[in-house]
Amino acid sequence: MGRAVVIGAGGQIGRPTVQALARDGWEVTAVSRGGGRDEDWPGEVRTRRLDREDDAALGALIGDGCDLVVDLVAYEARHARQLTGLAGRIGAAVVVSSVSVYEDGEGRGFDTMGEPDGLPRYPVPIGEDQVTVPPGDTSYSTGKVALERELLTAADRLPVTVLRPGAIHGPYSPLPRELYFVKRNLDGRRRRVLAFRGESLFHTSAARNIAELIRLAAARPGSRVLNACDPLPPAVSEIGATVDAVMGVETETVLLDGPAQESVGSSPWSVELPVVCDMSAAERELGYRPVVSYPESLPGTVEWLVRRLSRQDWREAFPTLARTYPDLFDYAAEDAWFAAGQA
């Protein structure tokens, strides 16, 4: 298949991506800040240490050329320019973006969710032609749009597939939403509260399914933007029930008709209106079929989380999650809520 360079190979998506490409016959160089090796990678996979921000080092790594670059840690227009500046030496690229780029057509998106009347009202499902937020450097979402725009303007020089995943799940995640249920079960919490009757839908993306899309796009170079999600997403109450089944515990779920009561009832999936993406373009253009469902992928995620929590406090193990959801385990507020007879 040729030579492939995977930037960000040591992360959640990178590990299964390297494995999928190597299995498909690519000569893979796995690049990461630490330069480590995953135990599941074939022995012929080469590893290299690289600072993603070092333009000269990236150019030296590409050398005289490669057939494919997979960039999993590109976040802004500058990263796009790094790649397009090497267009003469790169055959094609696959770059990961995010569904957070979408806007609902009324100026609302992921960045406005905490504002008055800021909840986005997306179509169900969201197609790739949905309007996006403006490009910029003010947030993760605007940075991703700037990245996409910069890449696609150079499509005549560098064919690039841009993938937009949703709530990514799987081992090695810096933001493992499943921790919400796993840690509660480990802490012996047998009652939980879920907002919006536990019906929230925030489209999930298994790292292994994203890796499959990367594998397919690598074999069919072209310039395109595709959603990168699982089959129909599970509701948050279904996610909790599946985690319980994997861990062999029984819990009681109290459902709120409306939003969370401050931290009580809030979870990393608690959105009032659905965020569901259309996967028909990936099926049509690449022949995409998910390699794993959410329930099938969950045991590996749970095992990894339990192992991490046995060694570290959750805030130390997952600082990104702790910053994003600081009140994720506010048990005192929940106990007070139950004591007041709110349930």
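Helix α3, which spans residues 77-84, is largely enclosed by the rest of the structure, because six of its eight residues are buried, where buried means under 20% relative accessible area, exposed over 50% and partly exposed in between, with a 1.4 Å probe and protein chains only. The model is predicted, so that local features need pLDDT of at least 70 and side-chain atom pairs count only at pLDDT 80 or more, while totals for chains, interfaces and linings use all residues. Residues are numbered from 1 along each chain as its sequence is written, and side-chain values use heavy atoms, with hydrogens and water left out. Helices (H or I, at least four residues) and strands (E, at least two) are DSSP runs, numbered from the N terminus.

The buried residues of α3 are A77, H79, A80, Q82, L83 and T84, and they pack against α2 (55-62), β4 (66-71), β5 (90-96) and α4 (140-153), contact being heavy atoms within 4.5 Å.

Strand β5 is itself mostly covered, with six of its seven residues buried. Its pairings, which require that DSSP finds at least two bridges between two strands, are set out below.

| Strands | Sense | Bridges | Bridge partners |
|---|---|---|---|
| β5 and β6 (residues 160-165) | parallel | four bridges | V96 and L163 |

The chain crosses from β4 through α3 to β5 in a right-handed β-α-β crossover, meaning that, with the strands pointing away from the viewer, the path from the first strand over the helix to the second runs clockwise. The β-α-β crossover from β5 through α4 to β6 is right-handed as well.
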